[in-house]
Amino acid sequence: MSVSQLSASAQNYLKAIWALQEWSDEPTTPSRIAARAGVKLSTVSDAVRKLTDQGLLEHAPYGAITLTAQGRTHALAMVRRHRLIETFLVQVLGYTWDQVHDEAETLEHAVSDFMVERLDAHLGHPTRDPHGDPIPTADGTIDMPDAVMLSGVEPGAQVQVERISDADPALLQFFAEHEVRVGSVLDVRPGAPYSDSMEVGLPDGEASVPLGRSATDAVWVTPVG
């Protein structure tokens, strides 16, 4: 069965559940899904029950929610659609990376499987979207970078940006203004004492940018050298 045969609501929930566990080891719970989707907990509970009955989720009482093999296949198909559409909007239509998420949220339910594959071919089979998130292949293979959250990096390190969360468009605009993008190499410097912050700078520049925890939690990096 194609993911196109699922309702838009089911598609959204499966994609949201995948997204919650993609970069986090924290158990996926109805409350976390509700917070991400912006809906009531009771609404999520009803949806989880229906998707479990359809064989797409597993949910023991008071336990974590996990995708079944079929649920994972459909979730990755939706993730693939979303990230290919985002990439198309940036590379072909000239959107900025802070503008594409909501557009892709709408378009991903309207495109056909055929169009998704045409987008992939037209773009040259990209492996990462504009925010650095990996794009699953047509067979559901996904290559996750071995990246860590910038918040956990010690001062003095040099790192390369692998992924920046698209959850906050204003934060994406802030990073773009300071030339911090996927692929940027950063020198990590200590922040002000007791501020729970750090400073980062591009290796070829003297200026550094102070970043609070909400910003450093949104950036994933790999060591350079």
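Reader: What is the volume of the second largest pocket?

Author: The second largest pocket has a volume of about 270 Å³. A pocket here is an open set of points on a 1 Å grid over the protein atoms alone, where a 1.4 Å probe fits, with protein on both sides within 12 Å along at least five of seven lines. Its volume is the space filled by probe spheres set on points joined across faces, edges and corners.

Reader: What sort of model am I looking at, and how are residues numbered?

Author: This is a predicted model: local features need pLDDT of at least 70, side-chain atom pairs count only at pLDDT 80 or more, and totals for chains, interfaces and linings use all residues. Residues are numbered from 1 along each chain as its sequence is written, and side-chain values use heavy atoms, with hydrogens and water left out.

Reader: Which residues lie nearest the centre of the second largest pocket?

Author: Lining residues have an atom within 4 Å of a point. Here there are 16, and Thr-73, Leu-76, Ala-77, Arg-80 and Ala-138 lie nearest the centre. The elements that give two or more residues to this lining are α4 (69–91) and α6 (113–122). Helices are DSSP runs of H or I with at least four residues, strands are runs of E with at least two, and both are numbered from the N terminus. α4 gives the most, seven residues.

Reader: How do the residues of that lining divide by type?

Author: Five are nonpolar, five polar and six charged. Charged means Asp, Glu, Lys and Arg; nonpolar means Ala, Val, Leu, Ile, Met, Phe, Trp, Tyr, Cys and Pro; the others, Gly among them, are polar.

Reader: And the largest pocket: how much space lies in it?

Author: About 850 Å³. Its lining has 32 residues, with Ala-19, Leu-20, Arg-36, Arg-163 and Ser-165 closest to the centre. α1 (8–22) is among the elements giving two or more residues. By type, the lining holds 13 nonpolar, six polar and 13 charged residues.

Reader: Which domains supply that lining?

Author: Domain 1 (1–144) and domain 2 (148–223) each give at least three residues. The bounds come from an automatic or database domain assignment. The domain centres, taken over C-alpha atoms, are separated by 26 Å. Ten residues of domain 1 are in contact (heavy atoms within 4.5 Å) with 13 of domain 2.

Reader: Why do the buried residues of a helix such as α7 line one face?

Author: An α-helix has 3.6 residues a turn, so residues three or four places apart point the same way. In α7 (169–177), Leu-171, Leu-172 and Phe-175 are buried, meaning under 20% relative accessible area with a 1.4 Å probe on protein chains only; exposed is over 50%, partly exposed in between. Down the axis of α7, these buried residues fall within an arc of 100°, so they line one face. The arc is that of the directions from the axis to the C-beta atoms. They pack against β4 (158–164), β7 (209–211), α8 (213–216) and β8 (219–223).

Reader: Which residues are buried in α6?

Author: Val-116, Leu-119 and Asp-120. They cover an arc of only 100°, which puts them on the same side of α6. The face turned away carries exposed Phe-114, Arg-118 and His-122. What covers the buried residues of α6 includes α4. After α6 comes Gly-124, with a positive phi near 80°.

Reader: Is Thr-87 buried or exposed?

Author: Buried, with a relative accessible area of 1%. Thr-87 lies in α4. Leaving aside neighbours within four places in sequence, its contacts include Val-92, Leu-123 and Ile-135.
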